[in-house]
Amino acid sequence: MENILEVKGLKTHFRFDEGIVRAVDGVDFRIRPQGTLGIVGESGCGKSITAMSIMRLLPRSAKIVDGQMLFRYPDSRNIEQIVDLAQVDEDGRTMLEIRGNRIAMIFQEPMTALSPVHTIGEQLVEAIRLHQDLSKREARNLGIEMLRKVGIPRAEQRIDDYSFQLSGGLRQRAMIAIALCNRPLLLIADEPTTALDVTIQAQILRLIRELQEEYAMAVMIITHNLGVIARMADEVAVMYRGRVVEFADVDSIFHAPKHPYTKALLRSIPKVDAPRTARLLSIRGTVPEPFAVVPGCPFHPRCDVAVAGLCNSGEPPALLPVRNGHAVACVLETEESRRYA
Ligand SMILES: Nc1ncnc2c1ncn2[C@@H]1O[C@H](COP(=O)(O)OP(=O)(O)O)[C@@H](O)[C@H]1O
Ligand SMILES: [Mg+2]
């Protein structure tokens with residue numbers, strides 16, 4: 001296995017008295033070592049639940065019901081391991097060795113990820129000593145070094161601040177410092193800049209890129225913002241209703257999109273030269289109710305090119321290769337369609 005992570009047919013469902021919510025319902029993608037995968041899709045399409053499945057930090061009501069998440073990493077004795085993260089015990093030794101150490105995660109809202117009752121330094125020292133055999137003093141020094149690395153001024157003083165004493169941008173930097181203190185192989189960044197203003201957003205994205213290079217890590221960046229995808233990703237998985245509907249390198253996604261949903265997403269980006277008053281185009285219709293089961297292609301009710309009898313019945317289309325590394329889940333675009341032609 002050359003990839004660092006291979007997710008195949010992942011299904012994570014919520015079970016409620018009212019029914020099942022298929023939050024993640026057959027997700028496929030891979031991440032190359034040191035590569036950057038962008039995951040893009042509208043709110044509620046299952047991006048965060050995919051990330052939480054990989055981290056094995058799901059809410060109690062959610063269960064991984066199918067699929068594989070193969071993760072390749074060198075263990076503490078530097079022996080290469082391939083584990084299926086879907087199969088390991090979420091509180092077991094393997095997951096404890098991986099979470100926060102081999103795979104780290106940052107979130108949209110540092111206020112909820114950071115503890116309000118511990119200083120940044122206490123949280124850094126705890127995260128470091130969980131995985132590295134260092135004294136408190138050594139861990140604190142490493143913590144200060146990490147805060148410097150992420151661009152926090154006067155790091156040796158700021159380390160004793162509480163998260164609420166920092167600005168939004170500095171809080172995000174502190175969270176990145178904690179995430180990277182054990183030099184993860186994979187950083188999952190879930191909407192890392194959505195809550196920040198545009199200038200700070202650009203700085204944080206640049207910081208992630210620089211640290212990615214320095215640490216030679218892979219990044220999985222989750223966003224609903226195609227601008228962030230264009231800046232960061234080298235490969236892209238487009239998600240719709242719990243599934244990956246298109247996977248390709250970033251240039252193909254922007255210049256040769258295949259899936260009608262990807263095309264609609266691209267049309268919804270405001271053009272730079274559009275008049276300021278121009279209304280943001282949106283994709284017609286809304287994402288159906290979470291409990292609703294849509295037969296056929298999950299996008300067909302909103303699709304401009306859907307063919308009755310082909311797109312609105314049966315199983316959802318599989319994600320099939322159309323070209324080298326480009327895959328699409330649309331019967332109108334893949335071999336299957338030719339059988340009906
Ligand atoms: N804690 C939860 N309880 C119940 N349903 C949830 C919960 N979190 C997410 N979901 C369901 O899973 C779907 C996917 O959520 P999520 O992965 O958070 O979407 P995204 O990150 O793409 O905005 C949502 O549409 C929602 O119905
Ligand atoms: Mg989310």
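A: What follows takes the confidence values, then the sheets, the helix, the ligand and some loop residues.

Q: What is the mean pLDDT of the chain?
A: This is a predicted model. The mean pLDDT of the protein chain is 91, and 92% of its residues reach 70 or more.

Q: Where does pLDDT stay under 50?
A: Over residues 276-280. For that stretch the model has three contacts beyond four places in sequence.

Q: OK, sheets. What is the strand order in the open sheet of eight strands?
A: The order runs β6-β7-β8-β3-β9-β10-β12-β11, and the pairing is mixed.

Q: Which are the edge strands there?
A: β6 (103-106) and β11 (320-323), each of which pairs on one side only.

Q: And how much are neighbouring strands turned against each other?
A: By 20 degrees on average in this sheet, with direction ignored.

Q: How many bridges join β9 to β10?
A: Six, between residues 235-240 of β9 and residues 243-249 of β10, and the two strands run antiparallel.

Q: What about the open sheet of four strands, what is its order?
A: That sheet is ordered β2-β1-β4-β5, with antiparallel pairing.

Q: Why is one side of β2 and of β5 left without a neighbour in the sheet?
A: Both stand at the edges, and each has a single partner strand, so one side of each has no neighbour in the sheet. β5 covers 80-84. The twist in this sheet averages 15 degrees from one strand to the next.

Q: How do β1 and β2 connect?
A: Through a hairpin with two residues between the strands. Nine bridges join β1 (residues 5-16) to β2, and the strands run antiparallel.

Q: Which residues stand opposite each other in that pair?
A: Among them, T12 stands opposite V24 in β2. L10 has V27 of β2 as its bridge partner.

Q: Moving on to α1. Which strands does α1 lie across?
A: In the eight-stranded sheet, helix α1 (residues 47-55) lies across β3 (36-40), β6, β7 (186-190), β8 (218-223) and β9. The helix runs at about 150 degrees to β7. In the four-stranded sheet, α1 lies across β1, β2 and β4 (62-74), running at about 70 degrees to β2.

Q: Which residues of α1 are buried?
A: K47, I49, T50, A51, S53 and I54.

Q: What comes just after α1?
A: R56, which takes a positive phi of about 55 degrees.

Q: Now the ligand. How many residues surround ligand 1?
A: There are 14, and the closest are A23, G44, K47, S48 and I49. K47 and I49 are also among the buried residues of α1.

Q: Which element gives the most to that shell?
A: α1, with three residues. β2 (19-31) and α1 each supply at least two residues of the shell.

Q: How does the shell split by class?
A: Seven residues are nonpolar, six are polar and one is charged.

Q: Back to phi. What is the phi of Q34?
A: About 65 degrees, a positive value although Q34 is not a glycine. Q34 sits in the loop between β2 and β3.

Q: What does G35 touch?
A: A218, D234 and E235, leaving out residues up to four places away in sequence.

Q: How far is G35 from E145?
A: They are 110 residues apart in sequence and 25 Å apart in space, C-alpha to C-alpha.

Q: Last one: where is E191, and what is its phi?
A: E191 is in the loop between β7 and α8 (198-215). Its phi is near 50 degrees, a positive value in a residue other than glycine.

Q: Does E191 count as buried or exposed?
A: E191 counts as buried, because it has 20 C-beta neighbours inside 10 Å.

Note on methods: Residues numbered from 1 in each chain as written. Chains lettered and ligands numbered in written order. Predicted model: local features only at pLDDT ≥ 70, side-chain atom pairs only at ≥ 80, totals over all residues. Pairing = 2+ DSSP bridges. Axes fitted to C-alpha atoms, helices over the stretch in contact; angles between N-to-C directions. Contact = placed C-beta atoms within 7 Å. Near = placed C-beta within 6 Å. Nonpolar A, V, L, I, M, F, W, Y, C, P; charged D, E, K, R; others polar. pLDDT = per-residue confidence, 0-100. Buried ≥ 20, exposed ≤ 12 C-beta atoms within 10 Å, placed from the backbone.
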